[in-house]
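Keep the viewer open as you read along.

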Amino acid sequence: MNLNSWQQALTAYDAHLAEDGRIVRKGKTLGVVITEKKNRLRIESVAGSLLASGPIEGKTVERFVESFWFWQKEAH
């Protein structure tokens, strides 16, 4: 599986994307979906409301998870 750079950013938080695009962390599937639309990353709730958007890069994901869930990168 070839990960995009922004998907790779999730691994630093011990998280990954499920098949349906939802974020999974430590075995828990969260109600947040990440998609690429019109050259932007869209981070939405499963209900469809936009939580964040930004350029298609790891920084967008990092900023979101750190401000929304206060996640910190896992030390490996």
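## From β4 to β5

Strand β4 and strand β5 (residues 50-54) pair in the antiparallel sense, with four bridges between them. Strands here are DSSP runs of E with at least two residues, and helices are runs of H or I with at least four, both numbered from the N terminus; two strands pair if DSSP finds at least two bridges between them. E44 stands opposite L50 in β5.

The two strands form a hairpin with four residues between them. In that turn, G48 has a positive phi of about 105°.

## From β3 to β4

Strand β4 (residues 40-45) also runs antiparallel to β3 (residues 28-37), and six bridges join them. R40 in β4 is the bridge partner of K37. This hairpin has two residues between its strands, and K38 in the turn shows a positive phi of about 50°.

## I56 in the loop

Next, look at I56, which sits in the loop between β5 and α2 (58-68). I56 is partly exposed because its relative accessible area is 32% (buried is under 20%, exposed over 50%, partly exposed in between, with a 1.4 Å probe and protein chains only).

Which residues does I56 contact, leaving aside neighbours within four places in sequence? They are W6, E36, N39, R40 and L41, where contact means heavy atoms within 4.5 Å. N39 is 17 residues from I56 in sequence, and their C-alpha atoms are 6.7 Å apart in space.

## About the model

This is a predicted model, in which local features need pLDDT of at least 70 and side-chain atom pairs count only at pLDDT 80 or more, while totals for chains, interfaces and linings use all residues. Residues are numbered from 1 along each chain as its sequence is written, and side-chain values use heavy atoms, leaving out hydrogens and water.
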